[in-house]
Amino acid sequence: MLVVEDLKKSFGGLQALKGVSVTLPDESILGVIGMNGSGKTTLLNCINGIYVPDEGSIRLDNINLVGMPIHRVAARGVGRTFQVPRVFQHMTLMENMDVAQVAHDSTHDERYARSEYWLHKVELLRLRHNYAEELSGGQQKLLELARIMVANPKVILLDEPFAGVNPELAQMLIGIIKEIPQQHGCSVILVSHDLTSIYRLSNHIVVMNEGAVLAEGSAAQVKENPAVVEAYLGA
Ligand SMILES: Nc1ncnc2c1ncn2[C@@H]1O[C@H](COP(=O)(O)OP(=O)(O)OP(=O)(O)O)[C@@H](O)[C@H]1O
């Protein structure tokens, strides 16, 4: 379980997170929505160690991640994708997948099989010897997801996975994300402006507004919350 408590982060005079608390139970999907600039990406950046929060705690299975460098947070089982995918452009897809498993105590054959499994899942296996730079933007997002999943994470943080992805690939992505908690024992924090996908996928939704949690609950609860409708959905 990932528990974030009272997280605060400022950039100069701007308070991007004003005391945010969220809980991600095991094998679940937490959707995070909110207007531009409400602090969603900053929350992810604090969780995976890109930023050190000013205050608050982030505990994964009771271990505080605050202050850990990014690679150690990753080694604890936190995977992350970005709004603009960060794959290794000048490596082949298989090399990208292999790099993600360097810390793993497994044989070359085991790593190869896992790489093939995930590339097959995201329907990129036929391109496994191509360079990542040859992929479309949407395919790079799929590769990035495959690359974090091949490392066998406990928690993945997905930042706008559907942005810039064509509808067909987005449907495939939704299907893959949906089965990750139960099939792979991994929880998901999903940040997206795509409300339809958020409502479809999330067990619980947090609505952020100006660096704070404005509301949370099920899709139905969030949709009916007057504060949410006024501040966000009705905007
Ligand atoms: N490194 C940084 N330096 C200065 N300000 C930053 C930095 N990162 C984020 N901010 C500011 O913090 C606030 C929250 O930004 P953040 O990217 O977390 O919002 P967001 O909800 O993810 O927005 P969007 O939906 O547009 O991606 C914004 O005002 C942003 O300009």
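Biologist: Leaving aside its neighbours within four places in sequence, which residues is Asp159 in contact with?
Modeller: This is a predicted model, so the answer rests on computed positions. Asp159 has its place in strand S7, which covers residues 155-159. Leaving aside neighbours within four places in sequence, the residues in contact with Asp159 are Thr41, Leu44, Thr81, Phe82, Gln83 and Val191.

Biologist: Is Asp159 buried or exposed?
Modeller: A residue counts as buried if 20 or more other C-beta atoms lie within 10 Å of its own. Around Asp159 there are 21 other C-beta atoms within 10 Å, and therefore Asp159 is buried.

Biologist: How far apart in space are Asp159 and Asn45, C-alpha to C-alpha?
Modeller: Along the sequence, Asp159 and Asn45 are 114 residues apart. In space, taken from C-alpha to C-alpha, the separation of Asp159 and Asn45 is 10.0 Å.

Biologist: Which element gives the largest share of the shell around the ligand?
Modeller: The ligand is surrounded by Phe11, Leu14, Ala16, Gly34, Asn36, Gly37, Ser38, Gly39, Lys40, Thr41 and Thr42, and by class these residues of the shell divide into three nonpolar, seven polar and one charged. Strand S2 (14-24) and helix H1 (40-47) each supply at least two residues of that shell. The largest share, three residues, comes from H1.

Biologist: Which residue in the turn between S1 and S2 has a positive phi?
Modeller: Strand S1, residues 2-11, pairs with S2 in the antiparallel sense over eight bridges, and within this pairing Val3 stands opposite Thr23 in S2. S1 and S2 form a hairpin with two residues between them, and the turn residue with a positive phi, about 60°, is Gly12.

Biologist: How many bridges join S1 to strand S4?
Modeller: Strand S4 comprises residues 55-60 and runs antiparallel to S1. Val4 stands opposite Ile58 in S4, while Glu5 stands opposite Ser57 in S4. The number of bridges that join S1 to S4 is five.

Biologist: In the hairpin of S4 and S5, which residue takes a positive phi?
Modeller: S4 is joined to strand S5, residues 63-64, by two bridges, and the two strands run antiparallel; the bridge partner of Leu60 in S5 is Ile63. The hairpin has two residues between the strands, and the residue that takes a positive phi, near 45°, is Asp61.

Biologist: Which helix gives the most to the side of domain 1 that touches domain 2?
Modeller: The protein chain is divided into domain 1 (2-77 + 154-233) and domain 2 (87-152), and their C-alpha centres lie 24 Å apart. The contact takes 11 residues from domain 1 and 11 residues from domain 2. On the side of domain 1 there are eight nonpolar, three polar and no charged residues, and the helix that gives the most to this side, with five residues, is H6 (residues 167-184).

Key. Residues are numbered from 1 along each chain as its sequence is written. This is a predicted model: local features need pLDDT of at least 70, side-chain atom pairs count only at pLDDT 80 or more; totals for chains, interfaces and linings use all residues. A residue is near a molecule or strand if its C-beta atom, placed from the backbone, lies within 6 Å of it. Helices (H or I, at least four residues) and strands (E, at least two) are DSSP runs, numbered from the N terminus. Ala, Val, Leu, Ile, Met, Phe, Trp, Tyr, Cys and Pro count as nonpolar, Asp, Glu, Lys and Arg as charged, and the others, Gly among them, as polar. Two strands pair if DSSP finds at least two bridges between them. Domain bounds come from an automatic or database domain assignment. Two residues are in contact if their C-beta atoms, placed from the backbone, lie within 7 Å. A residue is buried if 20 or more other C-beta atoms lie within 10 Å of its own, exposed if 12 or fewer, and partly exposed in between; C-beta atoms are placed from the backbone.
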